[in-house]
Amino acid sequence: MWTNLLDNVCIKALYGDKVPALDNIDLVMVKIHPSYLTVQLNLFDMPAPIPKRWIEKGYNACSCTLDIYSKTNQLTYKSTNLNISQYTQMSMSISAETDGKKRVEIRDSTNNVFIDVVADGIHGMIGGINRKA
Amino acid sequence: MWSDYIINNREIKKYYGDRDPILKGAACYSIELDCQTRNVRLGFEFFDWPKPLPKDWKIDEWACVEMELELENVHFNTVNANHNFVPCSVNIDASNATISLQVYGENNNCILDLNAQKATVINFGYYNHYWD
């Protein structure tokens, strides 16, 4: 489960064992730096049960921010191709390397690599949003 | 001069007159892509101070000049974040039609090379890193 690879339990605490899928995400913002990569994305798998406060506010999607960082001030960017046609219907994979580092790969809807990066850790935050159809 | 073709260049013109700020030995603190507008924000810090220093700039010994640009209709030729962004050298060429911007890091490695159709200054002024 990709939520087990995060430093903090925020997302895991919300979703439990029902891990949100990363094969249909919308990217909102990407911030590139040698020592960190911040990715803000929308997820469409809602937690179960949906928090009462989210229901009251009519939230229908989740806004997730991942801070992907290096402890040595240098991430390893294996690929960076920002010239893609659309930032919706993208997919992301988060995996553990044999040396304990974390690899994050984001692809566009035609499976072209957008960003592929190896990091020391990932910190994740999540909240509900009201996404217009 | 590249600053002639940048929107909202009032502060640059006010402080630097008939020259562009020199962006050699600068720092590029991030490349931010807004996936909804597709605009790109680039933040730079540099040390080519306006002469004379504006009287209302209360700078400390760690201060720098900060400039944030928002670029529209961007095409990336190179993005290579495997090099430190500090120090870097920034080259901007501009005309009515195109803004061409490159950032070179250590050993002249190209970190960023892009073309944009429009560039706007969204932040310009001094920045004190350790102001208290």
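Me: Is B:Asp4 buried, exposed or partly exposed?
Reply: In this predicted model, B:Asp4 is partly exposed, with a relative accessible area of 44%.

Me: And which side chain does B:Asp4 meet in a salt bridge?
Reply: That would be B:Lys13, at 2.6 Å from N to O. B:Lys13 is partly exposed too, at 24% relative accessibility.

Me: How many salt bridges does the structure hold over all chains?
Reply: There are 11. One of them crosses between chains, from B:Glu32 in strand β1 of chain B to A:Lys31 in strand β1 of chain A. The distance there is 3.8 Å, N to O.

Me: Nice! What about B:Lys118 and B:Glu72, which parts do they tie together?
Reply: Their side chains meet in a salt bridge of 3.7 Å, N to O. B:Lys118 lies in strand β8 of chain B and B:Glu72 in strand β3 of chain B, so the pair ties together parts that are 46 residues apart in sequence.

Me: Which residues are linked with B:Asp48 in a network of salt bridges?
Reply: B:Arg19 and B:Lys51 are linked with B:Asp48 there.

Me: Switching to sheets: in what order do the four strands of the open sheet in chain A come?
Reply: The order is β4-β7-β6-β5, with antiparallel pairing. β4 and β5 of chain A stand at the edges, each with a single partner strand, so one side of each has no neighbour in the sheet.

Me: How many bridges join β6 to β7 in chain A?
Reply: Six bridges join β6, residues 102-107, to β7, residues 113-119. As for who faces whom, A:Glu105 stands opposite A:Asp116 in β7 of chain A.

How values were computed
Residues are numbered from 1 along each chain as its sequence is written. Chains are lettered from A and ligands numbered from 1 in the order in which they are written. This is a predicted model: local features need pLDDT of at least 70, side-chain atom pairs count only at pLDDT 80 or more; totals for chains, interfaces and linings use all residues. Side-chain values use heavy atoms; hydrogens and water are left out. Two strands pair if DSSP finds at least two bridges between them. Helices (H or I, at least four residues) and strands (E, at least two) are DSSP runs, numbered from the N terminus. A salt bridge is a side-chain nitrogen of Lys or Arg within 4 Å of a carboxyl oxygen of Asp or Glu. Buried means under 20% relative accessible area, exposed over 50%, partly exposed in between (1.4 Å probe, protein chains only).
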